[in-house]
Amino acid sequence: MLLFYGLILWCGLASMVSAGVFPNYHGQFDFISWDKEKSLHDYENTKKWWETAAFYQIYPRSFKDSNEDGVGDLKGITEQLPYLQEIGINATWLSPIFPSPMADFGYDISNFTDIDPLFGTMQDFEDMIAKAKELNIKIILDFVPNHSSDECEWFQKSIAEDPHYKDMYVWHPGKIIDGKRQPPTNWRSVFRGSAWQWHEKRKAYYLHQFGKKQPDLNYRLPQVKEMMKEVMRFWLRKGVAGFRIDSVAHVYEVAPNSSGDWPDEPRNMAVNDPDDWSYLQHIYTVDQPESTQLLYEWRKVLDDFQQEHGGDELIIMAETYSPIEVIMKYYGNDTVNGVQIPFNFLLITWLTNASSAYDYAKAIHTWLDNMPNGRTANWVLGNHDQHRLASRLGEDRVDMMNILLLTLPGCSVTYMGEEIGMSNVWISWNDTVDPSACNSNPNIYEKLSRDPERTPFQWSDEYQAGFTTAKKTWLPLALDYEKVNVKEERKVKLSHLDIYKQLQELRKQPTLRHGLAEIVAINNNVLAVKRYLLKDYTYVTLMNINDNRETFNLLEVFSDLPEEMMYVVVTKESERKIGTRVHVSSVQLNPKEAVILQSLTQLSTTAGYFVYYTHESPKNKIV
């Protein structure tokens, strides 16, 4: 049947890029037996909480400060949890809040089972969990498995060659060349320079794929795996709903040979800076198959805990920028469950200001076409390591991208501030604190720094953007905070925040939770997404990505639309108002305009090429 439907699409849409129909990650949809379609009750009962959830990333240092030290904290997060409820968030994942020397702002952990005093206490954490539960918001913690801090007790005992800890990290005596000791391989650090650091006390090099204060754990030692599983269980007992796993691709490096040595990695001839991580082709230090297998083991930890203690399904979100064929393995296979949400960064890494609608369609259906049957898609527009959406694609594309994010099938991930259109903040060399940039020099630091997207959240037009009452914030505030902030945007119709909230409300509709999807690039400038579900309304998202005024016939794009639809979401670029009807044979979009259309009545049934909608009742008529 999918082949038959594909032939219909091909015949009518040969000149368009279409993602086709994807029934495998939302409700099953049978074109032959429509009368046997599941009821909405059936859908809701079989859908797991996370499959259509709206996730929200909080970078704790920058969300809300409660104690006037210029750094965000757990009490600040707890205070603002009602805001997450206001904007329709189901779960939030927090960047690291554990004890840390802060060489990499929490990604260098010295104690995996406690709270850093900078952020508060364990009681503050438990209070946050309780408040979140009251508001029906789940808490996801960042889990950093690849390395610890060099100040971690485990590493200190490994230095001392304590028998239990001696091999918990990756050590090597190095090699002697022309009478001089050298690192064991040419491997480079993500943060520039050698990935090996000599330790005088131990008289050996240790591996650090990131900063030198972040020694890599040795997962070829079974006790390391078990210790990190116990870290997971500790936080699950505290009430978290799962984990976002950091830097999955780096967890394993290739196994050493019988002499305990590793091979050098080959050169990447496109890069000439020998300190740059990209100077080498990373065939031995990333994407080793054992890393994927470890994800399966971690998933089992969560499943076993849930089976024993009850409650909702516990989830894993996995961070990686690996090739698509590697990422898809994270989902699992026919015999084992993998992670529920291997992060999909294609809307970040594949799209630029110069991208066409065909590029957008390709990014979307590359994920959908490769996704295994029965799995759920996810869509990510930003995070603390990537330039902000408004800075990458332009402030005038913020609304259309949020419209796309929240009308595609599956779950969504929003980085804090993207819902109000926050943009990157220029940070001087003297104010730069990101180790990725600080390890470079004033001439190149800007292309390496992640500070611009990590600046404090803009709550209001008041002192320090309402983030803190301290005289100094840990990173400088944006200069535009008096206009771009939650307080102001709450007042403005069709502000970024207003549209985001409209979208979250619309997303409660059954079609957007359970319906099928078709994604089509109508031309170079216009992307269309159709969502439809038997016995419910059909929706079409339309985005004019560029600066031309566009007119088109949707009946030539989608073969099964009613002749008339109405606008249910518009943006400030729109001339139409919500509730206005439009003949789909002649739809116009202004430059950078994005809208959502809804059918006037519900989809009743279909036969061959013919579609039937229920008759429009008087209450549906728009006067």
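Author: Two strands count as paired if DSSP finds at least two bridges between them, and both strands (E, at least two residues) and helices (H or I, at least four residues) are DSSP runs numbered from the N terminus. This is a predicted model, in which local features need pLDDT of at least 70 and side-chain atom pairs count only at pLDDT 80 or more, while totals for chains, interfaces and linings use all residues. Residues are numbered from 1 along each chain as its sequence is written, and side-chain values use heavy atoms, with hydrogens and water left out.

Reader: Which are the edge strands of the sheet?

Author: The open sheet has three strands in the order β5-β9-β8, with antiparallel pairing. The edge strands are those that pair on one side only, namely β5 (171-172) and β8 (196-199).

Reader: Which residue in β9 is the bridge partner of tryptophan 171?

Author: Strand β9 (residues 204-207) pairs with β5 in the antiparallel sense over two bridges. The partner that tryptophan 171 finds in β9 is tyrosine 206.

Reader: How many degrees of arc do the buried residues of α4 cover around the axis?

Author: In α4, the residues Met122, Asp124, Phe125, Met128, Ile129 and Ala132 are buried, where buried means under 20% relative accessible area, exposed over 50% and partly exposed in between, with a 1.4 Å probe and protein chains only. Taking the directions from the helix axis to the C-beta atoms, these residues are on the same side of α4 because they cover an arc of only 155 degrees.

Reader: How many residues has the core that lies apart from the largest one?

Author: A nonpolar core is a set of buried Ala, Val, Leu, Ile, Met, Phe, Trp, Tyr and Cys residues joined through side-chain atoms within 4.5 Å. The largest has 171 residues, and those with the most contacts inside it are Phe55, Phe125, Leu542 and Leu554. Apart from it lies another core, which includes Trp196, Tyr205, Leu207 and Val254 and whose number of residues is eight.

Reader: Is glutamate 253 buried or exposed?

Author: Glutamate 253 is placed in the loop between β10 (242-245) and α7 (289-309). Leaving aside neighbours within four places in sequence, glutamate 253 is in contact (heavy atoms within 4.5 Å) with residues that include Trp187, Arg220 and Tyr284. Because its relative accessibility is 5%, glutamate 253 counts as buried.

Reader: What distance separates the C-alpha atoms of glutamate 253 and aspartate 287?

Author: Along the chain, glutamate 253 and aspartate 287 are 34 residues apart. In the model, the separation between their C-alpha atoms is 8.1 Å.
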